[in-house]
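Here's a quick briefing for anyone meeting this structure for the first time.

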Amino acid sequence: MPTPDLESPEPESATPLAASFHATSTRQTRPGKKTSVAAGIIAARDWLLEHGPDQATADDVLREAVGRICAGGCLLSRVMVSIRTLHPQVAAITYAWNAGQSDVEVTPRGHSVLSNDMYLASPIRHIHSGEPMIRRRLVDRSQADDFPILDELRSAGATDYIVLPLKFSGNRINAVSFTTRHPDGFDDDAVAALQSFSRVLALVLDPLETRRIARALLGTYLGADAGRRVLDGLVRRGDGVTIAAALMFTDLRGFTAMSETLSREQVLDLLNSYFDAMAPAVQAQGGEILKFVGDGMLAIFPMKDDLDRDRACRSALVAAKDGSAAIDALNVERAKDGLSPLDVGITLHSGSVSYGNIGTADRLDFTVIGPAVNLVSRMQSLCEPLGRRIIASRRFASACHSDLVPIGRHRFKGIADEQQVYGLPG
């Protein structure tokens, strides 16, 4: 990209930050000499080295760094970072900065993106395969016009396009692209500076992405709150806290008999459909799903204090009702496919539980234990003989007032005292 003359006025779109960087670069240049926009890119690279690790997210890093590149005189029109990730629903995340927009656009991409035509025909795929750089001068028709995105960029007025690798630890290769509308594109110094900038950008983004992956995976496998506690340092056996919570335990009736007659794939489909019906109802009410045990699901609704007991129990009851309704809706769809209906037992209780790590020294489970957990699981044995889908303990029902009615006293294995249980009216 040609170097701007020192006497040329500031661009109309210059921000105070841009003016500051422009002034800095001009003061460092001897009179009569021109300054290269590469100086602004190098200044942004140096800022990344010093301040990049202090940024909270990848989009913060991109917004601040690219702002400094533009403030140094490089007329970028678009910068896009693509990072492959580990997540059951997301294969990659793109961060797109566009000139004239204050925010970086963050877009998760599902796993299907890796097999669709857009990715297969993209330069990013070649970067993932080891290409050190892909560059297309969009005003030079003699260059290869081999990627569909080039027409889109050219239509938007772009003149030059560079895609570079972002090399993360563990031999993970991601990508960053730079686009300009400057009539002459990027000059050689700017290209070299962008390559240097990209190497540092990868160093800054790598730990941020690693932490984000860890947070996402811990949330997926342990639950959002439990995952956060582990990531914040609760990692030793015995680490944990005592909390008060409403508890929900669900169990799929007749699952053992069904699994004897179904294939492995059919069993997995059945369980996933069942959990897909129940889990959103829990999460919508602020519940935390701690674990899936075969066809069982254990969830908690933490209480902030004693005054929060009624709110937590009512939220759990709403989740139970909504989950039951979701099972009914699922059964309508199963009937259309000629499949047998599903039924579920949902038990509810509240009390204090130990919330933390149990297990062996090198194989831990972050969960809840205690008498309250024992009772809510034992209550499952009553759902089928009583013909009830939802059963609650007296302690739980006392917080829900007339929403639940007594349906008898019963004994449970391992529980010393007879327990009064409650169900929905009628």
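Helix H7 (residues 188–222) packs against helix H8 (residues 224–231) at an angle of about 135°, with the axes 7 Å apart. This is a predicted model, where local features need pLDDT of at least 70, side-chain atom pairs count only at pLDDT 80 or more, and totals for chains, interfaces and linings use all residues. Residues are numbered from 1 along each chain as its sequence is written, and side-chain values use heavy atoms, leaving out hydrogens and water.

**The helix pair**
- On the H7 side, the contact (heavy atoms within 4.5 Å) is made by Arg-211, Ala-214, Arg-215, Leu-218, Gly-219 and Leu-222.
- H8 brings Ala-224, Ala-226, Gly-227, Val-230 and Leu-231 to that contact.
- Sorted by type, the residues of the contact of H7 with H8 are seven nonpolar, two polar and two charged (Ala, Val, Leu, Ile, Met, Phe, Trp, Tyr, Cys and Pro count as nonpolar, Asp, Glu, Lys and Arg as charged, and the others, Gly among them, as polar).

**Two loop residues with positive phi**
- Most residues other than glycine have a negative phi.
- Asn-171 has a positive phi, near 60°, and sits in the loop between strand E5 (160–168) and strand E6 (172–180).
- At 69% relative accessibility, Asn-171 counts as exposed (over 50%; buried is under 20%, and partly exposed is in between, with a 1.4 Å probe and protein chains only).
- His-401 isn't a glycine either, yet its phi is positive at about 55°.
- You'll find His-401 in the loop between helix H14 (394–397) and strand E13 (405–410), and at 48% relative accessibility it counts as partly exposed.

How values were computed: Axes fitted to C-alpha atoms, helices over the stretch in contact; angles between N-to-C directions. Helix = DSSP H or I, 4+ residues; strand = E, 2+ residues; numbered from the N terminus.
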